[in-house]
Number of protein chains: 2
Amino acid sequence: MLGNPLSQTAFHVSSRGEYGMRLMVDLARHWGEGSVSLHTIAEGEDLPEAYLEQLVAALRKAGLVNGKRGAGGGYTLARAPGQITAGDVVRALEGPIEPQICTAEGEAVVNCIHEPDCGTRLVWLKLQTTIAKALDGMTLAELALGPGARRDQKRTGTQRLQAEGQGTRN
Amino acid sequence: MLGNPLSQTAFHVSSRGEYGMRLMVDLARHWGEGSVSLHTIAEGEDLPEAYLEQLVAALRKAGLVNGKRGAGGGYTLARAPGQITAGDVVRALEGPIEPQICTAEGEAVVNCIHEPDCGTRLVWLKLQTTIAKALDGMTLAELALGPGARRDQKRTGTQRLQAEGQGTRN
DNA sequence: TGGATTTCCGAGCATCCTGGTAGGAATTTT
DNA sequence: AAAATTCCTACCAGGATGCTCGGAAATCCA
């Protein structure tokens, strides 16, 4: 699969976010089954393995996955699928959610330099809040079940994933 | 003002969106007072005038502003400030809101090629809906009033903008 | 009529970001 | 020892970003 440039669209998520999310959902589906190698994931999702290495490095540094070297090694989620949100994944791969610098997450409010009563800041601020809330409200456990909570999915798998999602949900 | 590269942040709005939004809010604040020249706006907002020309061209093609040539000419909003949303502005300048190609606005749902029950699509779809709703829910009339609906703003201006916002709001 | 002003239009350009590839070192299992 | 796999760093081509520049066309005023 080659990347999708898809020029000139607003709020486009780069391949880092897209590939990384698929990787994490894949890991969630194999939760409890031991390590999964990048090679397996790359083949299953039809993604460039060497590129995934870069992405998974970011995910590991963010504390979202654990790697295990050597034959039979691979990656596992660092927490249960119900404890990792889409927001966690996106932030690890694409940085903090901030439409504009004046709306940076977790920073003290710094007023715009040029216009103290900047009206446009409202837009970016609301946007940042909205996006963060949406992403932080979805866990890998939900995503791993697929859109329609497909009927032909293994019952055990479904039950396991849902059970893991019971923890500290909002 | 030089551009703000601000590398590695998710959902970052480019200078097109940022400058264009400020331009439109500026026009909203001068609604009913005749044309405003780009020169005036560029000076007031401290933005490169030649660059604004490109942006305003996109806004005109999208039917959001009208231009008037010649001495004393300039731009005016094509509709009342209450009838133009932040979503209109962003779409005109940065394209349709679509985190991923499989979530394109206004297109028939096309399933992902590689994974029919693609779980990750849920994320991007929810994101697209959420962002669009947030942006389409804010009008230039509201933005033109500024964050705190500042007390020292001219009463007449405030009243005029609010009155213009009464039309077909949701 | 002749400027002055201002929108309109297209080309060009340096820099940064995107989406990878390549090569090798370290670690673990067999 | 050999295979598998993570881990790490460097590199690179192409596209997007964020502008600048030069000029043509319209409009107003003296």
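Mentor: Let's begin with a term: contact means heavy atoms within 4.5 Å. This is a predicted model, in which local features need pLDDT of at least 70 and side-chain atom pairs count only at pLDDT 80 or more, while totals for chains, interfaces and linings use all residues. Residues are numbered from 1 along each chain as its sequence is written, chains are lettered from A and ligands numbered from 1 in the order in which they are written, and side-chain values use heavy atoms, with hydrogens and water left out.

Trainee: Happy with that! Which residues is M24(B) in contact with, leaving aside its neighbours within four places in sequence?

Mentor: L59(B), L64(B), V65(B), L77(B), I84(B), V89(B) and L140(B) are in contact with M24(B) once those neighbours are set aside.

Trainee: What makes a set of residues a nonpolar core, and which members of the largest one touch the most others?

Mentor: A nonpolar core is a set of buried Ala, Val, Leu, Ile, Met, Phe, Trp, Tyr and Cys residues joined through side-chain atoms within 4.5 Å. The largest one holds 83 residues, and F11(A), M24(A), F11(B) and M24(B) touch the most other members. In soluble globular proteins, nonpolar side chains tend to be buried together.

Trainee: Where in chain B is L52(B) found?

Mentor: L52(B) is in helix 3 (residues 49–61) of chain B. Helices (H or I, at least four residues) and strands (E, at least two) are DSSP runs, numbered from the N terminus. By that rule chain A has seven helices and two strands, in the order α-α-α-β-β-α-α-α-α.

Trainee: How do you know that strand 1 and strand 2 of chain B pair, and in which sense?

Mentor: Two strands pair if DSSP finds at least two bridges between them. Strand 1 (residues 65–68) and strand 2 (residues 74–77) of chain B share four bridges, in the antiparallel sense. In one of these, K68(B) has G74(B) as its partner. Five residues lie between the strands of this hairpin, where G70(B) takes a positive phi near 85°.

Trainee: What makes helix 4 of chain B largely enclosed?

Mentor: Seven of the nine residues of helix 4 (residues 86–94) of chain B are buried, so the rest of the structure largely encloses this helix. The buried ones are A86(B), G87(B), V89(B), V90(B), A92(B), L93(B) and E94(B). They pack against helix 5 of chain A, along with helices of chain B that include helix 1 (15–29) and helix 6 (140–144).

Trainee: How much area do chain A and chain B bury between them?

Mentor: About 4600 Å², with 68% of it on carbon and sulfur atoms. Buried area is the accessible area (1.4 Å probe) that two parts lose on being put together, summed over both. Each side gives residues to the contact: 50 from chain A and 50 from chain B.

Trainee: How many salt bridges cross that interface?

Mentor: The rule finds zero there. A salt bridge is a side-chain nitrogen of Lys or Arg within 4 Å of a carboxyl oxygen of Asp or Glu.

Trainee: Why is the pair of E45(A) and R22(A) called a salt bridge?

Mentor: Their closest N and O atoms are 3.0 Å apart, so the pair meets the cut-off. E45(A) in helix 2 and R22(A) in helix 1 of chain A are 23 residues apart, linking distant parts of the chain. E45(A) is buried at a relative accessible area of 4%, and R22(A) is buried at 6%. With E18(A), these two residues are linked in a network of salt bridges.

Trainee: What does the salt bridge of D136(B) and R91(B) tie together?

Mentor: The N to O distance in this salt bridge is 3.0 Å. D136(B) lies in helix 5 and R91(B) in helix 4 of chain B, so the pair ties together parts 45 residues apart in sequence. D136(B) is partly exposed at 31% relative accessibility, and R91(B) is partly exposed too, at 25%.

Trainee: What is the phi of D46(A)?

Mentor: D46(A) has a phi near 60°, a positive value in a residue other than glycine. Most residues other than glycine have a negative phi. D46(A) sits in the loop between helix 2 (38–45) and helix 3 (49–61) of chain A, and its relative accessible area of 34% makes it partly exposed.

Conventions: Buried < 20%, exposed > 50% of the residue type's maximum accessible area, 1.4 Å probe, protein only.
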